[in-house]
Amino acid sequence: HILCIAVGQSINRIQHTMTMSRSKGALALLLLSSFLSSSTHAATTTLVDSTGSLNKASTLPPTTFKEDGSSGVVALLTSPGTTGSFFPPVTTVIVDGSILKAPGASLEESTGLARGIGAAAAGTLADAVVLGGVTMGDVEGGLAGTRHGRTLAELFSSVLQSKKSGSASTLIVAVEEASGASSSSSLDADSIKENIEEIFDGVAALVLPKNEEELSGYFNVEVALVKSSEDVTKVMDQAAKAAATSTKSSSSVMGSKPFSTAFSEIYSTLSSSPDYADPTPVAEAILACNDAYSRAFGMSRAKIASWKHRASRGLLVDKFGMNADSLLQRTLDLFDRDTMAAAGLPSAGEQRLVIRQRLQQRMEKTLNDLFDVQMGILEKKTLKKFNHSLLKKMSKDGLDSAQFFEDNATALRTALFAFETSAALLEIPSLSLTKSNAVRDVTGKLNNALMTFPDSPAAKIKAMKKVEQTVSKKKKPSEGSIDLALDVVAMIRPDGFGNLQGFAGYQLGPHSVTVGCHNDADDPQVIAQFGGVRPPFIRVQPKLKLEVEL
């Protein structure tokens, strides 16, 4: 009986052990299944590989995009050529959650993803697009001739061919700046938007036979400055909110088709369509235009510098008007000759005209400033000479003469004629820089100078000097002379202790006599001064003066 109980307990332990083993095995299988399932959901899905081949078997997890499009689709277009970007570049088109990541275009190649068709297909389906990898140098030089310009051109070509206007998406251009850059740098968002509109208009002119489309019908362009990873998060959050509230949804573009099917159709269409956005020759032409601009203005810089130096010294440039007009025409002709090849390209031709206009405006502004400076110099010289002539007239005729104003009216006409003659050499008729306004101003100033001259400080000083010369005028000696004069000084000292003292003098022409009397002969101090003896009763000192004039 005891043995049976022991055997029964052993059997129960074995069964319990087997049950626990089965439970642990089932739990391990369940955990492995959950891990694999989560890994499958967390992994990204590749739509296009690095060779540009479309993965037709690619499918999205059913919870990635909602059927009604309410989740919003964000396309992140990276830049393969930007090193150290806050938006890491990708080489394939992938789906990461609700974000489509696609590589932008490249200027070195024109096939496959390097052309930018992967980014264009992703941006066409997305509710919001983020263009990353844009640097401050890209926007300062203009996006049209950069890889970002080619990416945008492919995107605009895709949306124009899909004819999905009326449902605008949000396009955020993320301009990156190094965190250690100077805080003085500023971002001109309006200029960037105008540049993007020019790219859109250029593509629309090639894609559509009758271009009546506007960028605002397809994209709401926004510009954001990115300096740190926190700014990246803000930009992506902004894009996600814009995608969720966009009037266009991914389902409206896809219709009833699965996302992978819609993407495949758009990608295939772009692959077989003409490359409207290949900006490689355009970029070369624009660079040539910029080089021609620098070369043309550099050619004229030496001449302009010499003119400015001469004007800074208060001197006029000889035949300035004729030489300035010739320099302007020669500079523009040099630019036109060097950029003739760019005139035949649609986008480059427009950019060439912009650069040419900038060169012309810069030259015209410089010449206009030199014209104004020299007119000012000529005006000052004319007024100075006129005032000097009035002072000469005043010395001869005086201010009280009735003929003063009448005679100086002739001097006024002479000064005005001289001014007109010199101003005619400064005129540049091609720039509408004439002497008419300057002549009118100088005429008024000359008349005012003539009328106010008698009360001017210069006239008063001149009159005062003339009076002083008249009053202090001395007769010059006609011949030399020698004059003699005798001065006699006598001192009488009678007895006494110094209680009486007096002097008397007489002047006779150049001669004089002076006599003094002091009764101090008995004064002990006086006697001590004379060595213990009384002073003499009378003392006479004669002086002889001789004056010689040669």
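A: A pocket is an open set of grid points where a 1.4 Å probe fits, with protein on both sides within 12 Å along at least five of seven lines. The model here is predicted.

Q: How much space lies in the largest pocket?

A: Rolling a probe the size of a water molecule over the atoms shows where empty space is left. In this model, the largest pocket holds about 590 Å³. Its lining has 27 residues, and those closest to the centre are Glu140, Gly141, Gly142, Asn195 and Gln351.

Q: Which elements give two or more residues to that lining?

A: They are α3 (136–141), α5 (189–207), α9 (280–312) and α11 (346–397). The most comes from α3, with six residues. Sorted by class, the lining of this pocket has 11 nonpolar, 10 polar and six charged residues.

Q: How many disulfides does a search of the whole structure find?

A: A disulfide is a covalent bond between the sulfur atoms of two cysteines. The search finds zero here. As for individual cysteines, Cys289 has a relative accessible area of 1%, so Cys289 is buried. Cys517 is partly exposed, at 28% relative accessibility.

Q: Is Arg493 buried or exposed?

A: The cut-off for buried is under 20% relative accessible area. Arg493 is at 18%, so this residue counts as buried. Arg493 sits in the loop between β8 (481–492) and β9 (501–508).

Q: With which side chain does the side chain of Arg493 make a polar contact?

A: The partner is the side chain of Asp520, at 2.8 Å. Beyond neighbours within four places in sequence, the residues in contact with Arg493 also include His518, Ala521, Val526, Phe530 and Phe537.

How values were computed
Residues are numbered from 1 along each chain as its sequence is written. This is a predicted model: local features need pLDDT of at least 70, side-chain atom pairs count only at pLDDT 80 or more; totals for chains, interfaces and linings use all residues. Side-chain values use heavy atoms; hydrogens and water are left out. On a 1 Å grid over the protein atoms alone, a cavity is a set of points where a 1.4 Å probe fits but cannot get out, and a pocket is an open set with protein on both sides within 12 Å along at least five of seven lines; lining residues have an atom within 4 Å of a point. Grid points are joined across faces, edges and corners, and a volume is the space filled by probe spheres set on the points. Helices (H or I, at least four residues) and strands (E, at least two) are DSSP runs, numbered from the N terminus. Ala, Val, Leu, Ile, Met, Phe, Trp, Tyr, Cys and Pro count as nonpolar, Asp, Glu, Lys and Arg as charged, and the others, Gly among them, as polar. A disulfide is a pair of cysteine sulfur atoms within 2.5 Å. Buried means under 20% relative accessible area, exposed over 50%, partly exposed in between (1.4 Å probe, protein chains only). A polar contact is a pair of N or O atoms within 3.5 Å; within protein, one must be able to donate a hydrogen and the other to accept it, and residues adjacent in sequence count only if both atoms are side-chain atoms. Contact means heavy atoms within 4.5 Å.
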